[in-house]
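The sequence and coordinates come first, and the explanation after them.

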Amino acid sequence: MDPGAPLRCGRDDASRSNATLNEPSENTAMAEFIAYLIAGVATGAIYALAAIGFTLVWQTSQTINFAQGEFVMLPAVLVLLAIKLFGAPIWLAAIIGIAAFILIFGVGFKIAVVDPMIRHGVLPLAIATMALSIIMKEGAKDGFSAEAQNFPSFVPTDTLSIFGAAISLQHLAIIAVAFAVIGALQWFVGGTRLGRQMQATAQNPTVARILGIPVERMVLLTFVINAALAVVASVLISPIYLAKFSNGEVIGLFAFIAAIVGGFNQVRGALVGGLIVGIVDSLAAGYFSSQYKLAVPLVLLIIIILLKPEGLMGRREERRV
Amino acid sequence: MTAPATKGSAGLRTTPARAPTLGGFADGTLITLALGAVILWFAPSGMGRYGTYVLSLWLVMAIAVMGLNLTLGYAGLKSLAQAAFMGIGAYITALLTTKTGISWYAAFAISGIATFAVGLLLGFPALRVKAHYLAFVTLAFSTLVWLVMRNEQWLTGGVFGLSNIPRPSLFGFKLDGALAFHRFVVVVTFLLAVLLWWMIRSPWGRAFTALRENPIRAASLGIDTRMYTLLAFAIGSAYAGFAGALYAPLVEFIDPSPFSLSQSFFLLLMVVAGGAGYLLGPFIGALLGVVLPEWLRFAGSLYLIIFAAIVMLLLIACPQGMSGLIERGWAWITGKNKAGGGR
Amino acid sequence: MSQVLEVTNLHKAFGGIKAVNGVSFSVNEGEILGIIGPNGCGKSTLFNCILGQLEPTEGSVKLDGREVTNMRPSELNRLGVSRTFQLLQVFPELTVRENLILAGQEHQGSMLSRFFGARDAGLGEAADRMISFFKLGHLIDAKAGGLSYGQQKLLDAAMAFMAGPRLVLLDEPAGGVNLTMLGDLKERLRAINAEQGSTFVVIEHNMDFVMSLCTRVLVLAEGKVLAEGTPAEVRANPAVIEAYLGH
């Protein structure tokens with residue numbers, strides 16, 4: 001109901017930390033810029049994770065997952081729920097919550113939503129994902145909490161001073177983890193047999209089937225990878241933006257923008273797109289207006305669609321109507 | 001399999017007998033619309049203010065869903081900004097009637113024209129590329145509109161919204177009472193539904209169906225797919241603007257929350273629940289989405305979840321929605337149309 | 001005799017693969033030109049380039065001497081170029097009559113008259129005539145999706161003629177059609193060619209069909225024109241025999 005809310009709370013949080021960062025008077029404009037940049041790269045890496053999963057699933061099964069943002073919102077909520085319900089220690093809760101999520105929203109999503117729906121076409125499936133997004137969001141609100149909840153961070157919330165810029169350790173950790181995951185994914189796709197099969201499936205399922213690749217299993221694999229990427233994104237973003245049912249709206253929106261800016265059909269494009277959106281978003285919040293910072297990536301999207309609709313890394317489509 | 005030897009006789013049976021076609025069905029639709037309007041005119045007697053309000057709300061939402069049904073159900077486009085368009089209409093009407101004293105009728109027209117124009121502006125670049133880009137552009141637009149509504153306090157009142165929105169009068173009669181305004185809403189809804197009915201039966205409607213089913217073939221038959229797609233989207237958006245123009249005086253108070261992105265999703269689900277591509281579908285969809293939770297006193301998250309889950313089940317079992325189910329049920333009762341359904 | 005269609009040095013490359021590699025030909029008014037060639041010789045790509053569905057890498061297409069290269073398919077159609085597709089392309093949800101009206105409605109009146117005017121755009125009778133001409137009159141109110149394959153194929157062809165086109169490009173009209181209907185189809189095409197003076201270009205695999213229908217035949221191989229001439233000349237051409245029969 002409130003697409004601005006997660007960012008508002010996130011922004012409050014970030015600006016609070018910025019305020020403490022900016023107190024030392026030796027902070028120059030440059031240092032401030034670097035701090036915004038690092039924060040942008042960090043959130044951008046998270047958008048990239050969501051955008052990559054989105055792109056993968058889109059490529060292999062024509063699924064435009066409008067619930068992608070909720071996919072990132074929910075794992076953190078599930079972890080907190082596991083703590084609340086079973087009183088489980090954080091590590092156990094994390095395992096339960098994450099495993100449950102990958103099972104339900106990786107495998108289950110594919111089998112229960114995509115498979116029966118794709119028979120009727122891409123449009124009903126897209127609408128089904130919208131219904132799913134409502135169910136996930138309202139479910140998190142009803143079953144968990146309507147308020148934002150703290151999510152434990154796996155690194156201390158200290159800051160480092162680099163060239164006079166106060167850099168949050170959390171941001172650095174996010175960047176490190178996100179890039180490690182993306183790197184691992186790249187290695188998997190390019191360097192392993194399974195990964196290459198998956199890539200072939202993504203590029204052309206018909207040809208892949210002729211080549212004897214188990215296309216169905218590969219499609220399922222992309223859904224599992226999508227869920228896993230969502231989990232990573234969720235665990236990374238929630239300590240900063242807190243865990244809240246409505247977080248998915250903005251994350252989803254920015255993931256779509258990242259995917260389109262990057263070229264919509266490429267993993268590399270999604271990464272670049274995510275980083276651009278994250279950095280633009282962070283700089284806009286810092287220098288432009290915190291009320292309208294959300295608008296800047298939206299304007300970016302409109303500019304891209306006007307000037308380079310195939311995206312920065314995409315290829316032009318041939319067939320015209 | 002052999003071609004019939006008779007040439008003339010079959011071909012001579014031209015216009016008059018056309019019962020089983022779309023034409024016959026649409027006439028049934030018009031009768032249903034007229035009957036519905038009459039029933040709804042009298043329905044609120046003994047329902048009280050609140051019951052009457054819920055009925056009016058149903059119709060207003062049905063107008064927005066009708067527009068989206070044109071965009072989605074007939075032209076096959078995903079617009080995720082229907083609630084935002086409704087918001088634009090509502091705010092334009094509220095601002096014009098409260099701050100400038102312009103008559104509601106002028107505000108209504110301006111709301112429709114403005115949303116139509118914005119639809120063209122948004123649709124043109126998006127549809128130049130690929131149809132599903134429209135989904136993302138409208139998604140972004142929806143968020144932008146919401147931001148403006150919330151942040152521009154000097155204009156929109158921000159989260160506090162705008163209140164004391166006056167209701168229109170007709171030939172000097174004040175329509176302030178719940179019943180009088182309800183009847184006004186019935187008439188406006190009926191007129192808008194008939195306009196849409198006419199459009200769907202006209203060559204435009206045929207072109208819309210063609211470009212949903214097979215845009216490449218449609219283009220090869222001279223159908224300017226870009227223009228028709230754009231028109232479908234812009235007209236669909238204008239219906240949201242009209243709905244907003246009725247919504248503002250109905251509720252007499254507006255704030256940004258009913259025009260958020262979630263609401264746009266919800267409106268799409270109503271289209272699907274009622275039956276995308278069926279002219280009467282939006283009324284069923286809005287009934288399930290708006291009236292039922294009010295009457296069941298069951299509004300809020302839980303109802304949303306149940307509604308969304310039902311829509312998903314419908315999508316699997318019967319993508320034609322409730323209208324499709326009714327059609328199937330009717331075919332089953334009358335015991336025909338088992339095999340050659342065509343779908 | 002004037003040239004209706006003139007294709008000059010048309011190229012189309014997909015990445016490194018040259019699907020159409022410098023094809024030139026022209027079609028005279030009233031002609032039925034057949035284009036044959038082995039699978040993958042670039043026939044359909046050629047069609048798609050002529051019709052604006054694909055953007056040619058190089059070369060030009062002229063209609064009645066007017067440059068139409070890269071024109072959008074819908075505009076080209078309104079200039080009088082009509083086509084059928086290799087795969088069936090009728091609108092299954094519409095009735096046979098509505099399919100036909102649809103095929104003609106954009107060729108007359110304005111957007112406004114199409115909104116306010118008659119439901120059938122004044123084409124009801126023309127549609128009835130066209131469908132009885134193709135001997136499907138008894139199916140006029142049936143949904144196109146419920147027709148047999150052969151019937152749909154006839155409807156598909158009939159749709160291409162609804163607007164009284166100047167030039168018709170038929171992509172494998174005989175594909176998958178049984179023998180009885182094949183005869184009908186050929187006869188109908190000939191009749192339209194004679195009566196309306198429409199010019200045809202036909203891509204076809206069915207040799208008998210092409211050789212008996214067409215007045216002139218163009219043979220494509222590997223994206224180039226291999227031979228050109230009357231059916232008899234082409235049949236006797238050693239290069240063609242080799243391309244088709246192998247060594």
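The model is predicted. Its largest nonpolar core has 304 residues, and within this core Ala48(A) and Leu269(B) touch the most other members. The most is given to this core by helix 2 of chain A, residues 29-61, which supplies 19 residues. Once neighbours within four places in sequence are set aside, Leu269(B) is in contact with Met130(A) and Ala131(A) in one chain, and with Gly289(B), Phe307(B), Ala308(B) and Val311(B) in the other.

Helix 2 of chain A also packs against helix 10 of chain A, residues 247-262, with the axes 8 Å apart and an angle of about 70°. Angles of 65 to 115 degrees count as roughly perpendicular, so helix 2 and helix 10 of chain A are described in that way. Their crossing is right-handed. On the side of helix 2 of chain A, the residues that meet helix 10 include Ala48(A), Ala51(A) and Phe54(A). Helix 10 of chain A contributes, among others, Ile251(A), Phe254(A) and Ala258(A).

In chain C, strand 1 (residues 3-14) pairs with strand 2 (residues 17-28) in the antiparallel sense, over nine bridges. Two residues lie between these strands in the hairpin, where Gly15(C) takes a positive phi near 60°. Strand 1 of chain C is also joined by five bridges to strand 4 of chain C, residues 58-63, and these two run antiparallel. Which residues stand opposite His11(C) in strand 2 and partner it in strand 4? In strand 2 of chain C it is Asn21(C), and in strand 4 of chain C the bridge partner is Glu58(C).

Notes. Residues are numbered from 1 along each chain as its sequence is written. Chains are lettered from A and ligands numbered from 1 in the order in which they are written. This is a predicted model: local features need pLDDT of at least 70, side-chain atom pairs count only at pLDDT 80 or more; totals for chains, interfaces and linings use all residues. A nonpolar core is a set of buried Ala, Val, Leu, Ile, Met, Phe, Trp, Tyr and Cys residues joined through C-beta atoms within 7 Å. A residue is buried if 20 or more other C-beta atoms lie within 10 Å of its own, exposed if 12 or fewer, and partly exposed in between; C-beta atoms are placed from the backbone. Helices (H or I, at least four residues) and strands (E, at least two) are DSSP runs, numbered from the N terminus. Two residues are in contact if their C-beta atoms, placed from the backbone, lie within 7 Å. Two strands pair if DSSP finds at least two bridges between them. Axes are lines fitted to C-alpha atoms, for helices over the stretch in contact, and angles run from 0 to 180 degrees between N-to-C directions. Angles under 35 degrees count as roughly parallel, over 145 as roughly antiparallel, 65 to 115 as roughly perpendicular and the rest as oblique. A crossing is left-handed if the near helix is turned anticlockwise from the far one by less than a right angle, and right-handed if clockwise.
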